[in-house]
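Hi everyone, thanks for making time this morning. Let me put the sequence and the model up on the screen, and then we can walk through a few spots together.

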Amino acid sequence: MSELEKQYARTFATIDGQCVLKHLRSLTIERTVGQHITDNELRWLAAQSALVHYIENLINKGNKPK
């Protein structure tokens with residue numbers, strides 16, 4: 001486990017951090033879009049979602065016991 005993973009875990013363990021992560025998820029991963037979305041918008045949303053997943057993976061790794 002890297003120091004960066006531990007830092008992410010500590011940062012998002014706070015109430016504020018949990019609220020921020022919930023907000024990021026609602027804007028990206030949990031967002032529903034209609035048929036009107038363009039290819040570029042869909043790609044942008046996928047990239048944003050990937051970043052939120054990356055953050056969550058760092059948090060999970062940082063929370064694992066040694």
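T14 is partly exposed, because its relative accessible area is 40%, and partly exposed is the class between buried, under 20%, and exposed, over 50% (1.4 Å probe, protein chains only). You will find T14 in the loop between α1 and α2. Helices here are DSSP runs of H or I with at least four residues, numbered from the N terminus. From T14 to P65 there are 51 residues along the chain, and their C-alpha atoms are separated by 19 Å.

A quick word on the source: this is a predicted model, where local features need pLDDT of at least 70 and side-chain atom pairs count only at pLDDT 80 or more, while totals for chains, interfaces and linings use all residues. Residues are numbered from 1 along each chain as its sequence is written, and side-chain values use heavy atoms, with hydrogens and water left out.

Now to the helices on either side of that loop. Helix α1 covers residues 3-13 and helix α2 covers residues 15-27; they pack at an angle of about 95°, and their axes are 5 Å apart. Those axes are lines fitted to C-alpha atoms over the stretch in contact, with angles running from 0 to 180 degrees between N-to-C directions. α1 and α2 are therefore roughly perpendicular, a label for angles of 65 to 115 degrees (under 35 is roughly parallel, over 145 roughly antiparallel, and the rest oblique). On the α1 side the contact uses T11, F12 and A13, and on the α2 side I15, G17, Q18, V20 and L21; contact means heavy atoms within 4.5 Å. Sorted by class, that is five nonpolar, three polar and no charged residues. For the classes, Ala, Val, Leu, Ile, Met, Phe, Trp, Tyr, Cys and Pro are nonpolar, Asp, Glu, Lys and Arg are charged, and the others, Gly among them, are polar.

And how do α1 and α3 cross? Their axes come within 7 Å, at roughly 100°, so α1 and α3 are roughly perpendicular too. E5, K6, Y8, A9 and F12 of α1 meet I55, L58, I59, K61, G62 and N63 of α3. This contact of α1 with α3 has six nonpolar, two polar and three charged residues.

Let's stay with Y8 and F12 for a moment. The whole structure has one aromatic pair, and Y8 with F12 is that stacked pair, at 6.2 Å centre to centre and 15° between the planes. Rings of Phe, Tyr and Trp (its six-membered ring) pair if their centres lie within 6.5 Å, and planes under 30 degrees apart are stacked, over 60 edge-to-face, and the rest tilted. Y8 is partly exposed at 25% relative accessibility, whereas F12 is buried at 15%.

F12 also belongs to the largest nonpolar core, five residues in all, together with L21, V52, I55 and I59. Such a core is a set of buried Ala, Val, Leu, Ile, Met, Phe, Trp, Tyr and Cys residues joined through side-chain atoms within 4.5 Å. Helix α3, residues 39-63, gives the most to it, with three residues. Leaving aside residues up to four places away in sequence, I55 touches Y8, F12 and L21.

Last stop, S2, in the segment before α1. S2 and G62 are 60 residues apart in sequence, yet 7.5 Å apart in space, C-alpha to C-alpha.

Key:
Helices (H or I, at least four residues) and strands (E, at least two) are DSSP runs, numbered from the N terminus.
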